[in-house]
Amino acid sequence: MEAIPIALDGHLMAEAEPGARGDGTAAWRLTCSTGTDHLAEEAVIPCTTVDPEIAHALLTERQPGDLLRVTGHLTLPDSADGVIRLHAETLEVLWAAPLLDADDDTVASTAVDTDTSRNNAIAALAEALTGLGHTEPGPAQSIRIHISPTGVPGTGLEHCHSVDLTPEQAHQLADHVDALNSERPDGGIALAPETIADLTELFEDIDLIDLTNAVLKATRPERRSAVIHAMDDMFGDRPAPEDTDP
C-alpha cells in the first residue's frame with residue numbers, strides 16, 4: 001500500500017529501542033492527542049527510522065514525555081490485524097520533559113495523585129485558548145502553544161494540549177496577560193505610565209493661590225481659620241490672608 005506523507009506532534013511514550021535492522025536505526029512509540037482529555041481520542045503510533053542521526057538522538061538524548069514533531073511517511077496495514085507505522089525522516093523537539101533525579105520519582109508520583117486541581121486548570125486553560133476568537137482551523141493560525149503538566153516524564157500525557165492561534169489572537173492574549181500583571185499583590189491596580197503622566201500634568205497646572213482663593217470664598221468666615229490651617233498642612237505653606245481675595 002502506498003505510504004502517506006504526514007507530520008505528527010506527539011509525546012515519546014517510552015524509551016526508544018534499537019531497530020531490528022541493526023546500527024543506525026531506532027523504533028519508538030508516539031502518543032498523539034486530538035487536544036481533549038478523552039483517552040479514546042488518543043492514538044499510539046509506532047515509529048521507525050533508518051536515519052542514523054535521528055536514531056542516535058532518540059537512543060541517547062530523548063526521554064519519555066518529550067514532545068516531538070515527526071515527519072515522514074505513514075504506512076497503512078494490508079490487513080485488519082496489521083499495524084500502522086510511521087517511517088520518520090525528520091525529527092524536531094518541540095518541548096523537552098524536565099530531568100528528574102531518582103530520589104524525586106517518589107515525590108513526583110505522590111504529587112501526580114493529588115494534582116486534580118492542576119489538571120482541571122490545564123483543561124480550563126486549553127478550552128479557553130481553543131475558543132479564543134472562535135476561529136476555524138486554518139493557515140492563518142501560525143502560532144502554536146503547548147500546554148502540559150510538569151512531573152514525572154511520560155505521565156499525564158492525556159492532559160497535554162496544543163492550541164493554534166492567529167497573530168491577532170496572540171496579541172489579544174498578550175493584552176489580557178499584561179492586564180493581569182498590572183494587578184498589585186494588595187489587590188490595587190498599578191496605573192499605566194500614560195495615566196501617571198496625565199495626572200502629573202494635571203497637578204502641575206494647578207495654581208495654589210487660585211485654589212486657596214476659591215476655597216476661602218466658599219468657606220464661611222468663622223471656619224476660614226481652620227481651613228487655612230488645613231491647607232497649610234496639605235500644601236506645606238500656609239496661605240497668608242492678605243494674599244487671598246475672599
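The structure is a predicted model, in which local features need pLDDT of at least 70, side-chain atom pairs count only at pLDDT 80 or more, and totals for chains, interfaces and linings use all residues. Residues are numbered from 1 along each chain as its sequence is written, and side-chain values use heavy atoms, with hydrogens and water left out. Helices (H or I, at least four residues) and strands (E, at least two) are DSSP runs, numbered from the N terminus.

**Nonpolar cores**

- A nonpolar core is a set of buried Ala, Val, Leu, Ile, Met, Phe, Trp, Tyr and Cys residues joined through side-chain atoms within 4.5 Å; buried means under 20% relative accessible area, exposed over 50%, and partly exposed in between (1.4 Å probe, protein chains only).
- The largest nonpolar core has 17 residues, of which Trp28, Leu30, Ile45, Val70 and Leu86 touch the most other members.
- At least two residues of this core come from each of strand E1 (4-12), E3, strand E4 (42-49), helix H1 (52-60), strand E5 (67-75) and strand E6 (85-95).
- With 4 residues, E3 gives the most to this core.
- A second, separate core of 7 residues includes Ile122, Ala126, Leu129 and Leu132.

**Thr31**

- Thr31 sits in strand E3 (residues 26-33) and is buried, with a relative accessible area of 8%.
- Not counting residues up to four places away in sequence, Thr31 touches Gly10, His11, Met13, Glu42, Ala43, Val44 and Leu157, where contact means heavy atoms within 4.5 Å.

**Strands E7 and E8**

- Strand E7 (residues 143-147) and E8 run antiparallel and are joined by 5 bridges; two strands pair if DSSP finds at least two bridges between them.
- Within this pair, Ile145 stands opposite Val163 in E8.
- Strand E8 (residues 161-165) has His161, Val163 and Leu165 on its covered face, and Ser162 and Asp164 on its uncovered one.
- In a regular strand the side chains alternate between the two faces of the sheet.

**Second largest pocket**

- About 240 Å³ of space lies in the second largest pocket.
- A pocket is an open set of points on a 1 Å grid over the protein atoms alone, where a 1.4 Å probe fits, with protein on both sides within 12 Å along at least five of seven lines; lining residues have an atom within 4 Å of a point.
- The volume is the space filled by probe spheres set on the points.
- This pocket is lined by 14 residues, and the closest to its centre are Arg21, Thr48, Thr49, Val50 and His87.
- E6 gives the most to this lining, with 4 residues.
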